[in-house]
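Open the model in your viewer and keep the selection panel at hand. Two stops follow.

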Amino acid sequence: MKILVTGAAGFIGSNFMYYELENHPEDEYVALDLLTYAGNLKNLDGLKDKKNFKFVKMDIRDRENIFKLFEEEKFDLVVNFAAESHVDRSIEDPELFLRTNIIGTSVLMDACLKYGVNRYHQVSTDEVYGDLPLDRTDLFFTENTPLHTSSPYSSSKASADLLVNAYHRTFGLATTISRCSNNYGPYQFPEKLIPLMINNARHDKSLPVYGEGLNVRDWLHVYDHCSGIDLVMRKGKIGEVYNIGGHNERQNIDVVKTILKSLDKPESLITYVTDRKGHDLRYAIDPTKIETELGWKPKYNFESGIKETIKWYIDNQEWMDDVTSGEYQKYYDNMYSNR
Ligand code: NAD
Ligand code: TYD
């Protein structure tokens, strides 16, 4: 099969490329990315000599060039990771999220229809379900939970999901959607909670916890997300949605304290800052469908996964220094200086 992976130089996309080349070396891959602030070609360094791997710098909103690429390459499967992915940035600039996450998705699906691509997979998020109350730990997101978004980011992802379902129903495009909880692991851009806190702690900088740090996220190692996507895009039922999550709910403050402890840094580095606008309280996934229908099982538990992840960032400080130079400093000052 020839597979197009969009957003392949970002956090999950690059981990997915390593997963695929390791587990399906018989397939051929075109990795596409616009290389925005979040995309880093160095993430794919370990793959550049593979004969069945090629990188293309392109914008998924660029209909003309996307169509040209589809005409030339004749893909069998498209998996779309490309997105603006950070909630805080979506509060600053919603329109960019609508253009990339909604229009970009429609361009890719139009190209699938025009050039006869057999299968399209959309990488989505549990944030499309909105949030759950903190005091109802019996409640989980299932695939039937209504979409009920809070941020421009989650609204743009939900819109894209609706469009994917519309292309399936209206045009007969063979689609699947996966909705995953918060990921952690190597190559995550340090605007997200875990790498940001590791980076600040290693510089003895304060750790900005939003509100009281009581919000709950359901953490999944990126490797387990990739194995779930791989199963859904190859074996999932056409037209269906699959939730991916491993029952690893943690309060933000506990995650931050775990990081400090494992780096042997004091809790006095924690600073409570103004809460995020519209801050979702709790995410929690019920992964029964993917487990029972497709036999998916996560490999990592949070305790060992977070230790390994912290070690990766400490062992790869050059990567961290590289991605946090230049533009990142401006972003950080803008987001946190008066908070
Ligand atoms: P990321 O921000 O690290 O990577 C996104 C990638 O998309 C970047 O490499 C960027 O350069 C690329 N991109 C952005 N705009 C583009 C465009 N117009 N054309 C081509 N490429 C473009 O994000 P991530 O965390 O790797 O997330 C990947 C996908 O997974 C997203 O769709 C996100 O919504 C979804 N997701 C993420 C999480 C999470 O915890 N990070 C959880 C569930 C779902
Ligand atoms: P984030 O990694 O941005 O993921 P998401 O908002 O998509 O879940 O944030 C995870 C949680 O951590 C979220 O509740 C917000 C909180 N948070 C902080 O407390 N401080 C920070 O500096 C960041 C980036 C996030």
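Which side chain does the side chain of K192 join in a polar contact? Select S85: its side chain and that of K192 are joined by a polar contact of 3.0 Å. (A polar contact is a pair of N or O atoms within 3.5 Å; within protein, one must be able to donate a hydrogen and the other to accept it, and residues adjacent in sequence count only if both atoms are side-chain atoms.)

This is a predicted model, where local features need pLDDT of at least 70, side-chain atom pairs count only at pLDDT 80 or more, and totals for chains, interfaces and linings use all residues. Residues are numbered from 1 along each chain as its sequence is written, and side-chain values use heavy atoms, without hydrogens and water.

Stay on K192. It sits in the loop between β7 and α6 (193–202). K192 is buried, at a relative accessible area of 19%; buried means under 20% (1.4 Å probe, protein chains only). Beyond its neighbours within four places in sequence, K192 is in contact (heavy atoms within 4.5 Å) with S85 and H86.

Next, select α1, residues 11–23. Helices are DSSP runs of H or I, at least four residues; strands are runs of E, at least two. Its buried residues include F11, F16, M17 and L21. Show what covers them: among others, β1 (2–6), β3 (53–57) and α7 (222–235).

The axes of α1 and α7 (lines fitted to C-alpha atoms over the stretch in contact) come within 9 Å and cross at roughly 70°. Residues of α1 that meet α7 include F16 and Y19; on the α7 side, C226 and M233 are among them.

Terms used: Chains lettered and ligands numbered in written order. Expected span 1.5 Å × (residues − 1). Buried < 20%, exposed > 50% of the residue type's maximum accessible area, 1.4 Å probe, protein only. Axes fitted to C-alpha atoms, helices over the stretch in contact; angles between N-to-C directions.
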